[in-house]
Amino acid sequence: MRPHDGPKVPSGGTVRPCRRRTLRRHARRMSETGVPDEVVTACLRAAAAAPSVHNTQPWLFRVGVDAVDVLVDRSRRLAVLDPDGREMLVSIGAAVFNLRVAFGAAGRRTSVRRMPDDADPDLAARVTIGAAGRPARAAQALAAAVPGRHTNRRPFADRRVPFVTMEELRGAAAMEGASLVEIGPELRDGVLALTRTAETRLRSDPAYRAELAAWTTASSVGRDDGLPRHVIGPRGRDGALPLRDLGTGLGPSAGAVEFESDPILLLLFTPGDTPEHWIRAGEALERVWLTATVRGLAVTPMSQLTEISAMRDLLTDSAAHSVPQTVLRIGYPLWPAMASPRRPLAELVVTNPPPASR
């Protein structure tokens with residue numbers, strides 16, 4: 001059973017998804033600026049492949065003549081886990097980045113305005129499509145990694161990531177206005193302990209457990225969102241690595257396994273904590289994640305710590321204007337990750353005109 005009847009907007013408008021037969025017509029809106037409709041469709045599919053908390057996929061797209069609006073689907077916000085919508089906007093930021101890089105790989109420049117219109121509160125970002133040019137190799141490499149980017153909740157090899165690769169990941173975050181910090185051995189135990197405490201605190205809340213159960217399922221059959229059993233991964237044998245326990249309502253675990261003894265953990269920081277910073281955090285997260293994918297690395301978000309404001313405050317450096325947005329575990333996978341389901345694109349492209357045109 002799906003937890004939602006369909007996309008709704010609490011600000012008064014009703015989002016009207018495209019019918020399949022009209023999806024191509026909406027993609028053709030950009031044909032006047034020389035972007036083939038099949039390119040627009042492929043770029044939208046790339047955006048829809050972005051990561052999102054619990055695979056909620058809280059985005060919608062509105063295609064214009066020279067821009068794609070990325071809208072918030074507020075019906076998919078996690079009311080218990082994410083009351084202020086921060087995680088939701090981080091997820092949307094990841095979709096914005098995928099849209100940018102897909103158009104870039106197709107040889108189109110883009111510019112982004114985040115939270116651009118007070119009269120349209122559900123408009124998270126407007127990605128304007130600019131002049132055609134030669135596709136950048138970096139954009140092509142990142143775009144090619146989109147289909148293979150999956151959350152990997154399985155054990156990683158006990159193998160260090162080369163310094164040059166870590167520098168590349170740090171540079172990827174910096175390109176999006178964020179900073180990425182590796183948690184050294186002297187702090188790692190403390191961060192893991194805080195994450196373990198956050199996981200325990202979250203799971204002690206019956207409302208959290210009920211919400212989590214609504215987004216996890218034993219099978220992906222008949223469902224195009226949420227987390228089916230095949231993407232959840234095994235439990236750790238000794239509990240030393242506090243991955244989110246996603247097994248609520250799925251019955252007994254398939255068994256416990258050994259995880260790497262020295263997990264590599266990264267903290268992603270932004271220079272502020274506004275909704276625009278949350279979107280930018282998602283863009284930085286996705287650039288880092290795709291860069292890691294290109295380099296053969298797997299990634300697991302471990303965001304329990306940053307989902308509790310009091311614990312986020314413990315890692316916030318007010319003097320340096322550094323606010324933690326997520327914790328990432330990275331490493332070389334022992335087994336490949338499996339894909340999570342995706343909503344049909346026809347459900348994600350909406351027909352509503354912007355408020356000024358109504």
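User: Why is L290 called buried in this predicted model?

Analyst: L290 has a relative accessible area of 0%, and a residue counts as buried when that value is under 20%, so L290 is buried. In this predicted model, L290 lies in helix α9, which covers residues 275–294.

User: What does L290 touch, leaving out residues up to four places away in sequence?

Analyst: L290 touches F97, N98, L142, A145, V146 and R149, where touching requires heavy atoms within 4.5 Å.

User: What makes helix α4 roughly perpendicular to α9?

Analyst: The axes of α4 (residues 137–145) and α9 cross at roughly 85° and come within 9 Å. Angles from 65 to 115 degrees count as roughly perpendicular, and therefore α4 is described as roughly perpendicular to α9. The contact is made by A141, L142 and A145 on the side of α4, and by R287, L290, T291, T293 and V294 on the side of α9.

User: How do the residues of that contact between α4 and α9 divide into nonpolar, polar and charged?

Analyst: The contact of α4 with α9 holds five nonpolar residues, two polar ones and one charged one. Arg is counted as charged, and R287 of α9 is among the residues that make the contact.

User: How do you know that T195 is buried?

Analyst: The relative accessibility of T195 is 1%, and the cut-off for buried is under 20%, so T195 counts as buried. T195 belongs to helix α6, residues 185–203. Apart from neighbours within four places in sequence, T195 is in contact with P242, M302, Q304 and L305.

User: Why does V63 count as buried, and where is V63 placed?

Analyst: V63 has a relative accessible area of 2%, which is set against the limit of under 20%, and V63 is therefore buried. The place of V63 is in strand β1, residues 59–63. V63 and R126 are 63 residues apart in sequence, and from C-alpha to C-alpha they are 9.9 Å apart in space.

User: Why are β5 and β11 said to stand at the edges of their sheet?

Analyst: The open sheet has four strands in the order β5-β10-β12-β11, with antiparallel pairing. β5 (179–182) and β11 each have a single partner strand, so one side of each is left without a neighbour in the sheet, and that places them at the edges. From one strand to the next, the twist averages 30°.

User: What shows that the strands of this sheet pair with one another?

Analyst: The number of bridges is set against the requirement of at least two. β5 and β10 pair over four bridges in the antiparallel sense, and S179 has F269 in β10 as its bridge partner. β10 (residues 264–270) and β12 are antiparallel as well, over seven bridges, among them the one in which L265 is partnered by R329 of β12. Four bridges join β11 (residues 298–301) to β12, and these two also run antiparallel, with A298 partnered by G331 of β12.

User: What makes β12 mostly covered?

Analyst: Strand β12, residues 323–331, has nine residues, and nine of the nine are buried. For the protein chain, 52% of its 358 residues count as buried.

Definitions and conventions. Residues numbered from 1 in each chain as written. Predicted model: local features only at pLDDT ≥ 70, side-chain atom pairs only at ≥ 80, totals over all residues. Heavy atoms only, no water. Buried < 20%, exposed > 50% of the residue type's maximum accessible area, 1.4 Å probe, protein only. Axes fitted to C-alpha atoms, helices over the stretch in contact; angles between N-to-C directions. Parallel < 35°, antiparallel > 145°, perpendicular 65-115°, else oblique.
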